[in-house]
Amino acid sequence: MSHQNFKNHRKFYPLHHFIFYPFSLVLLIVSLFQVFKNINHNSSFLMIWSAISAVVVLIIVLSFMLRQHYALGLQDRLIINEFKFRYFALTGNRLENSTYQFSDAQIFALRFSEDEDLMELMHQTAQNGWSSSKIKQNIKNWKADDKRI
């Protein structure tokens, strides 16, 4: 894997992103095409293809939700706790007792900063209300997170 930075930090799951979802979308397009093809023919095919389309949409939505929901929720909690511990290790103080108040998205972005830049980046973020994207763009020394889902 190449050195992680702002431009390449996103991660794809090949089975879902490049096989399952494209196949599902093709199946959905075919089924919707069949629905519109049979719309004027008052046939049982219209009902069958409508049901197939609805099932395919449901499968796509459920697969996305299930794949992401539990893993990302747990990962979010871990990142926040790791960040709190990192702040404590750097300062000797709890983040909850500091003047800094960050959203989860800001914490998720701040974690990419190396220790030597973190305190300044936290100060700038708190002072300027930076978004997660703005935080990532201002990271001088990127700390890779290669274990995320």
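Which residues form a nonpolar patch on the surface? I found that V57, L58, V61, L62, F64, M65, L66 and Y70 form it, with about 810 Å² of accessible area together. Such a patch takes residues with over 30% relative accessible area and no salt bridge, and joins nonpolar side chains (Val, Leu, Ile, Met, Phe, Trp, Tyr) within 5 Å. A salt bridge is a side-chain nitrogen of Lys or Arg within 4 Å of a carboxyl oxygen of Asp or Glu. Accessible areas come from the Shrake-Rupley method with a 1.4 Å probe.

I noted that this is a predicted model, in which local features need pLDDT of at least 70 and side-chain atom pairs count only at pLDDT 80 or more, while totals for chains, interfaces and linings use all residues. Residues are numbered from 1 along each chain, and side-chain values use heavy atoms, without hydrogens and water.

F64 lies in helix α2, residues 44-91 (helices are DSSP runs of H or I, at least four residues).

I finally turned to the largest pocket, with a volume of about 600 Å³. Of its 21 lining residues, L72, Q75, R111, R148 and I149 are the closest to its centre. A pocket is an open set of points on a 1 Å grid where a 1.4 Å probe fits, with protein on both sides within 12 Å along at least five of seven lines; lining residues have an atom within 4 Å of a point. Helix α2 gives the most to this lining, with six residues.

Note on methods: Helix = DSSP H or I, 4+ residues; strand = E, 2+ residues; numbered from the N terminus. Patch = residues over 30% accessible without salt bridge, like charges linked within 9 Å, V, L, I, M, F, W, Y side chains within 5 Å. Points joined across faces, edges and corners; volume = space filled by probe spheres on them.
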